[in-house]
Structure formats: structure tokens, C-alpha cells
Amino acid sequence: MYNSNNSNNSNNSNNSNNSNNNIKILFSVLFLVGIGIVMVYSASSAIALKKFGTDYYFLKKQALFAIYGIGALSVLSFFPYRFFLYLVYIFLGLSFIFLFMLIYTPYGYSAGGSTRWLQLFGINFQPSEFVRFSLILYLAYSLSSKIEKDKLDNFCVGFLPHLIVLTIFTFFILKQPDFGTAVILVIITWAMLFISGMRIIYLFYGTAIVVPILLYIMTAAKYRMSRWFTFLNPWDAPVNDAYQIIHSLMAVGSGGIFGAGIGNGYQKLFYLPEPHTDFIFSVIGEEFGFLGILIILGLYYFILIHGIIIAKNTENTFGCLLAIGITVSLGLQVCVNMGVSLGLLPTKGLTLPFLSYGGTALLLNMASIGILLNIGASRS
């Protein structure tokens, strides 16, 4: 009788903790999305008025994306995450098809020297966002299967297939070209391999192969090297290559402690490029100040720390790795975007989750949160 009560109390405690984790994640995500809608309007109104004749253009689209995202989050939070085990190769196949069509068919849409948008049936979306989720799903499925069959230590079975899939994905991503996303895919893969218990020597050999290739690709393109030198010495080219980062730093620095007030930012007025997408963090820093940045960081902290807790408490290996992959992916996006905005990383066109304008990223990030919440609710 004592053991039974102990077990019941333990289960009730775990269920309560899981519920608390989910509530904190959900609150943080919805709060960020709400802030994002407001800041997209603040950052884009002048640009939208000039280009489209209405300052509400990006606001309306972002609000619609948010509604779709909330719908996806709601559905997937109740959708059994284990069902994705049967969809792994469908997602993987679609990712390959989308990337192939993006590069080798007329459906790929080019902008700013890169082909990152696919136009199908009147819908524009970024395949790289879908690819990132597909890779996480594949790695969670494959690694959990290898662990259950005790084949993770086998190089040809436990390590090589994942390296091959990653190589194919990065090949197409680099053809766009999108070097930053390729690096993020590599980091996500290595993180999930390490957490799954992959032998360190395999990761070392893989790193010894991958890093020189990435370094060669980076140095072979003049514009990438230019970005790197600009990152090291931004004030050497204040009106050319370093224009973005300098105006980003000016925006964040001028915000002070309390900020200029919502809508009162100056750098978004045709000085800071892409203020509603890549550099929305800079606009937040200018208009909400240091305190606003702390709030944003706190909300991301709640999502990431409780995502890790969910993964830790999940008894199912597939669910644990899927939760880790989703959390690592979100964390990387946050770190890279903020790092670029603060001059800590070379310029990279990556959006800030839940805040930046963009339908594909917002929808898939919120869908991923729905899956994370379902893993947290299931626990096993």
C-alpha cells in the first residue's frame, strides 16, 4: 500500500511538473508572438507605406501567419507525437524534392543574390525551414532506432547514414547559397549525435572532415570573406559592407535602459536594412531599451530551459531526441540572430523565432512548439 501511494504521488507530481513546463512554454511563445506582431508593424510601417501604399501590409500578413501558427500549435499539441515515426521518410522525401525544385526548376525564386524561396500553387515558402525540421525528425527517429537495436556504436550503421543525409541537405542548401543555414544544420546534427551517446571518436573524425570543407567553401567566395573581415573590423567600411551591423549597433545602443518608446525608433526609417526580419531585435533594443531586451531574453530562456526539462523527463527515446532537436534548433536561431544584431557574429540572414516577419519560419516554429508540448504532456 505504501509503495502504491508513493507511485501515485510521484505520477501526480510528474504530471503537475509537465503541465507547469507546458504552460510556461505556451505563455512565453504567445507573448513573443504578440510582441512580434506589434514590432513587425512598428519596424515595417514606413517601408510598407512606401512600397505598397499602406502601412498595414506586413502587419496584416504577420497577424494571419500568427493565426495559422496558433492553429498548428493547438492541433499538434494534442496530436500524438509518435505518429511522426510513420512520417519520417515522407518528410525527408519532400525535403529533397523541395530543395531540388528550388535549385533546378523555374519554381525557385531569387532575391538578393540567393534562391531561397519556392513558389508552388501560389504559395511562397522557404524549403530550408522545412528541411531543418525534417532533419531533426529523421535524426530523432534514426538515432532512437539505433539505440534500441544497440547499433549506435557501429560506424557504418550508427554514424555514416546520418552524415550522408546531412551532406545531401547541405549540398542543396549551399547551392542557394545559404552558408549560415548549412552550418546550423551541421551543429544541430552534431548536437543530437552527441546527446544520443554517439562515440566521440566518430564525431571527431566527422568534424575533421566537415570543418575543412566548410572553411574552404567560406574562403572560396569573396563576399563571405568580405563579411568575415567586416565582422572583425566593421568601422573600416561604415558605408559599404559594414552598413548593416553599424546601424544595428546604433539602434541597440541608442535605446539606453528604457528605450525611445514603441514606434519612436529612428534606424528603421530606411537606415537599417530589413528591420522587420533579420534586424527586428535591433528595433526592439532601440524602442524598448535594455529592459525590453531582458524581457525577450527571459521569455526565450523559459522556452529553452523547459524544453530541455521536457526532453530530460521523457522516457521514450524518440520523444526525448525530438524534444532536444527542437530546443537546440530554436536556441541556435536565437543566438545567431541576436549575435549578428549585436556584432558578435558575421552577418547572416536568419530570422528571430516568433518575432521576425515571415510566414514559413513562424508557422514551422509554432508547429514545433506544439509537438514539444505534446511530448511534455505524454512524458513517455
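Visitor: Where is P177 found?

Guide: P177 is found in the loop between α5 and α6. Helices here are DSSP runs of H or I with at least four residues, strands are runs of E with at least two, and both are numbered from the N terminus. This is a predicted model, where local features need pLDDT of at least 70, side-chain atom pairs count only at pLDDT 80 or more, and totals for chains, interfaces and linings use all residues. Residues are numbered from 1 along each chain as its sequence is written, and side-chain values use heavy atoms, with hydrogens and water left out.

Visitor: What joins Q176 and P177?

Guide: A cis peptide bond, with omega about -5°.

Visitor: Why is D178 called buried?

Guide: Buried means under 20% relative accessible area, exposed means over 50%, and partly exposed is in between (1.4 Å probe, protein chains only). D178 has 2% relative accessibility, so D178 counts as buried.

Visitor: What makes D178 and R116 a salt bridge?

Guide: The term asks for a side-chain nitrogen of Lys or Arg within 4 Å of a carboxyl oxygen of Asp or Glu. For D178 and R116 the N to O distance is 3.8 Å. The pair meets the cut-off, so the label holds. D178 lies in the loop between α5 and α6 and R116 in strand β2 (residues 114-120), so the bridge ties together parts 62 residues apart in sequence.

Visitor: How many salt bridges does a search of the whole structure find?

Guide: Three. One of them joins the side chains of E129 and R132 at 2.4 Å, N to O. Both residues lie in helix α4, three residues apart, about one turn of the helix. E129 and R132 are both buried.

Visitor: And what do the side chains of E287 and K268 meet in?

Guide: A salt bridge, at 2.8 Å, N to O. E287 lies in helix α10 and K268 in the loop between α9 and α10, so this pair ties together parts 19 residues apart in sequence. E287 counts as buried because its relative accessibility is 1%. K268 counts as buried because its value is 5%.

Visitor: Why is Q267 called buried?

Guide: Its relative accessible area is 5%, so Q267 falls on the buried side. Q267 lies in the loop between α9 (243-254) and α10. Contact means heavy atoms within 4.5 Å. Leaving aside neighbours within four places in sequence, Q267 is in contact with H247, M250, A251, L272 and E286.

Visitor: E274 lies in that loop between α9 and α10 too. Is E274 buried or partly exposed?

Guide: Partly exposed, because its relative accessible area is 40%. Its phi is near 50°, a positive value in a residue other than glycine.

Visitor: How do you know that α4 is mostly covered?

Guide: Of its 22 residues, 19 are buried. α4 reaches 31 Å from its first C-alpha to its last, close to the 32 Å expected. The expected span is 1.5 Å times one less than the number of residues.

Visitor: What do the buried residues of α5 pack against?

Guide: They pack against α3 (88-104), α4 (127-148), α6 (179-196) and α7 (200-220). Among these buried residues are F159, L166 and F172. Helix α5 (residues 155-175) has 21 residues and spans 28 Å, close to the 30 Å expected.

Visitor: Which members of the largest nonpolar core touch the most other members?

Guide: Y300, F354 and I369, out of 103 residues. Helix α11 (residues 317-341) gives the largest share of this core, twelve residues. A nonpolar core is a set of buried Ala, Val, Leu, Ile, Met, Phe, Trp, Tyr and Cys residues joined through side-chain atoms within 4.5 Å. I369 touches I25, V29, L73, I303, L330 and F354, not counting residues up to four places away in sequence.

Visitor: Why does F354 count as buried?

Guide: F354 has 3% relative accessibility, so the buried label applies. F354 is found in the loop between α11 and α12 (359-378). Its phi is positive, about 75°, although F354 is not a glycine.

Visitor: Why is L294 called partly exposed?

Guide: Its relative accessibility is 42%, so L294 sits in the partly exposed class. L294 is found in helix α10 (residues 280-313).
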